[in-house]
Amino acid sequence: MKKSALRAISWVALLTLVAKGLGMVRDILQARAFGTTAEVDLFTAANNSTIYLFTTAAYALCLAAVPIFAQKLAKDRAQAFRTADNLLSVTLLVSLAVTAVVLLLGASGLLGHATGNSGHSFRWYVTVMALTLPLIVVTYLLMALFQAMGHYSLQGSLSLLYNVALCGLLLFVGSRMSVAAFAVVSSVAWVLQLAMTLPYLVKERYRFHFRLDLKADYLPLYLRTAVVTAFTTAIFLFCYLLDTNMAAPLGEGVTSAFYYADKLFTPVITTLIYSIGAVMFPKWSERHATMEDGAYRAYVGEVVEGTILLLLPLSAVFSVFGIPIIRVLFEGGSFTADSTALTGMVFARYALGMVGFALLDLLAKAYYAMHDTRAPLLVNLGVLGGNFLLNLLLMALCPTPGALAVATALMLTLGGVVLLLLFLRGKVRGVLHPLRLLAGAVLSVILYVGLALASNALLGAADGKLMLVVKCGALGAVALGIYLLLMGRACLASFSRS
């Protein structure tokens, strides 16, 4: 990987880390203000059914639009802007129609029955949150345009103002705010994410003009790719929604526990993965056009190998310290010790699926650069179907939230490995280094066992948060230091060849 690409990834990762760090602070303040009550479960269920799905679909639209914008920009800037006008117009109209449908379903109560939640409160939350869809899709399509123009940092900084505003609100008036009021504010605040595109609009002198050309040659590809991409990029979301739906009967607060576990897991894993994808996805599109098929797959494989080696020890560390991390970050106010134990257990299990999550995301982008959506779609369908069946089996044997999270981690990992083998077409040697990957996996397992034994011996229930930070930080630093000492050169070698 060239130094310019590494610098771009590092800069995007830094911005993403700051933005997601603020998002984590927002979730911590939210957890302390509202806890894991039945009302928060309704808020969470409504959020999952609207904003969470909307942002995932909008991110898929972004991925589908980037290659189209890049191709048009290579020919003519004015043509690219006309294309952006058309895609924004079409997508905005579709989003308005979807918003109307969601509002009707919410008003009729059908959405509540479909999600297992009924009642006036749930329908009211859905109504408020559904209004954000047009804002969300416009924001992400503008991000796609500017990403195709080389402004990679927008993806990392998109939520900065949004998170700062909500953090300030929760910090100063969170204890006096109702869950309903927070739902309204957090929905309206999406305007701040759209506002983050304004500097790029000014710099690139783009002005939106409503333009509807349904006969454009790129529109079928855009819509087809967006639909497939929405599913493949949302595989963890669908598994998470499946988990929360099946776990809801296990008791009050379980849905919220999954919500907060996801709010920590997703930022942790996507900070690195989305940063790599934001920079490498346009480059993969360019390389695929100029490279032979085998050389292109080898080029992608080198990036994937380095990513696996980086994530293996992180997965072990986060899994061992799941409960202490949740205790330090979230416990306090209405977020009790019981909430910590349940949320931490779910997060620790999800952390085991980090490598699988990364493989599914990066390799899907590599396939999209080839204009191939079939393999990622089939593998992700298998992951979702397998997760459902494994959930049923584990819930019959061990009906706990942790069992559901383990099933998700296992299926993500299996799906990631299968997609990698399909992408390499069986030619592992010469592209990947199996012994290097095996060494990283074995060492990570050893570190996991060692950290688990050390934490059982050194961590106590009476430890304060500062002491937990010191002890867990020291143990984690030692474990990662040992890993980097033994595997650091291998990680750098994998990235430097790309």
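Analyst: Buried here means under 20% relative accessible area. Keep in mind that this is a predicted model.

User: OK, so why is Cys239 called buried?

Analyst: Its relative accessible area is 0%, and the cut-off is under 20%, so Cys239 counts as buried. You'll find Cys239 in helix α14, residues 235–247.

User: Which residues does Cys239 touch, leaving out those up to four places away in sequence?

Analyst: Val383, Leu384, Asn387 and Thr408. As for Trp124, 115 residues from Cys239 along the chain, the two C-alpha atoms are separated by 25 Å.

User: What makes Thr340 buried or exposed?

Analyst: Same test. Thr340 has 3% relative accessibility, and buried means under 20%, so Thr340 is buried. Thr340 sits in helix α18, which covers residues 337–351. Setting aside residues up to four places away in sequence, Thr340 touches Ile323, Ile326, Arg327, Glu331 and Phe335.

User: Now the helix pair: how do you know whether α2 is roughly parallel or roughly antiparallel to α3?

Analyst: Look at the axes. Helix α2 (residues 38–49) and helix α3 (residues 51–75) cross at roughly 25°, with their axes coming within 3 Å. Angles under 35 degrees count as roughly parallel, so α2 is roughly parallel to α3.

User: And which residues meet there, and of what class?

Analyst: From α2 you have Asn47, Asn48 and Ser49, and they meet Ile51, Tyr52 and Leu53 in α3. By class, that contact has 3 nonpolar and 3 polar residues, with no charged ones.

Methods: Residues are numbered from 1 along each chain as its sequence is written. This is a predicted model: local features need pLDDT of at least 70, side-chain atom pairs count only at pLDDT 80 or more; totals for chains, interfaces and linings use all residues. Side-chain values use heavy atoms; hydrogens and water are left out. Helices (H or I, at least four residues) and strands (E, at least two) are DSSP runs, numbered from the N terminus. Buried means under 20% relative accessible area, exposed over 50%, partly exposed in between (1.4 Å probe, protein chains only). Contact means heavy atoms within 4.5 Å. Axes are lines fitted to C-alpha atoms, for helices over the stretch in contact, and angles run from 0 to 180 degrees between N-to-C directions. Angles under 35 degrees count as roughly parallel, over 145 as roughly antiparallel, 65 to 115 as roughly perpendicular and the rest as oblique. Ala, Val, Leu, Ile, Met, Phe, Trp, Tyr, Cys and Pro count as nonpolar, Asp, Glu, Lys and Arg as charged, and the others, Gly among them, as polar.
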